[in-house]
Amino acid sequence: MIISVDGYDGTGKTTLAKKLAEKYGYNYVSNPLLNMIKCTKHCSNEEAQLIKNNLETRLFTKGTTQEIAKFYCKTLLWLKNYENDFKIILDRGILTTYAVVGFSETKSIFEEYLDKGCFFKGSIYLKATEQERIRRIYERNPNDPDLKYPQWHKNDLEDFASSHNLNYKIIDTTNKTIEEVFKEGKIIFESIIKNNENNLTM
């Protein structure tokens, strides 16, 4: 079973994903792209990281938004192959990808890959105010490149997700402690597990 924790940098998704994985005995996966490269290319960690950096540099400097969207959707679809083999908390799923490159010109790509099944059993989507995100990112790393581009894209992420009946729940982490977010996250996580178990017994 795979459940994703989504959101922009500074919303607390990595912290929540790691805490949920530890609490419920799931595997924490932060980079399915890197794992895909290692599995398909049989690379060492260093070689895989180099390939990943080169791919991302090429995509984000020369690639169109359509190419970027398709590239990451393909990665998630690859990971879907293992949905029944492992218990995974995924740090960044299709909602994070859509938040970044989900525009009118890429919507059909996301719809295509949703039809193919690259959305998992559920998603916890974290959001926070821009001011809160900037503060957290700066405290973590004052040289983080994300500080140059802090503004959220004004796309229709929530409308898109709800109109496609995606199983996601939102937590606004603004002015909340890690434990407060974790408490909300546990409730949502357990509800996703319970709903999935109910569907299996029907």
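The points below cover a strand residue, a helix and a loop residue.

1. A word on the basis: this is a predicted model, in which local features need pLDDT of at least 70, side-chain atom pairs count only at pLDDT 80 or more, and totals for chains, interfaces and linings use all residues. Residues are numbered from 1 along each chain as its sequence is written, and side-chain values use heavy atoms, with hydrogens and water left out.

2. Please look at Asp91 in strand β3 (residues 88–91); strands are DSSP runs of E, at least two residues, and helices runs of H or I, at least four, numbered from the N terminus. Asp91 has a relative accessible area of 1% and is buried (under 20%, 1.4 Å probe, protein chains only). Its side chain joins that of Thr14 in a polar contact of 2.6 Å and that of Arg92 in another of 3.4 Å. Such a contact is a pair of N or O atoms within 3.5 Å; within protein, one must be able to donate a hydrogen and the other to accept it, and residues adjacent in sequence count only if both atoms are side-chain atoms.

3. In α6 (residues 107–116), Ile109, Phe110, Tyr113 and Leu114 are buried. They lie on the same side of α6, because their arc around the axis is only 135° (taken from the directions from the helix axis to the C-beta atoms). The buried residues of α6 pack against α4 (65–80), α5 (94–101) and α8 (157–163). Gly117 follows α6, with a positive phi near 105°.

4. Finally, Thr173 sits in the loop between β5 (168–172) and α9 (178–201). Thr173 is buried, at 1% relative accessible area. Beyond four places in sequence, Thr173 touches residues including Thr11, Glu132 and Arg136 (heavy atoms within 4.5 Å).

Note on methods:
Buried means under 20% relative accessible area, exposed over 50%, partly exposed in between (1.4 Å probe, protein chains only).
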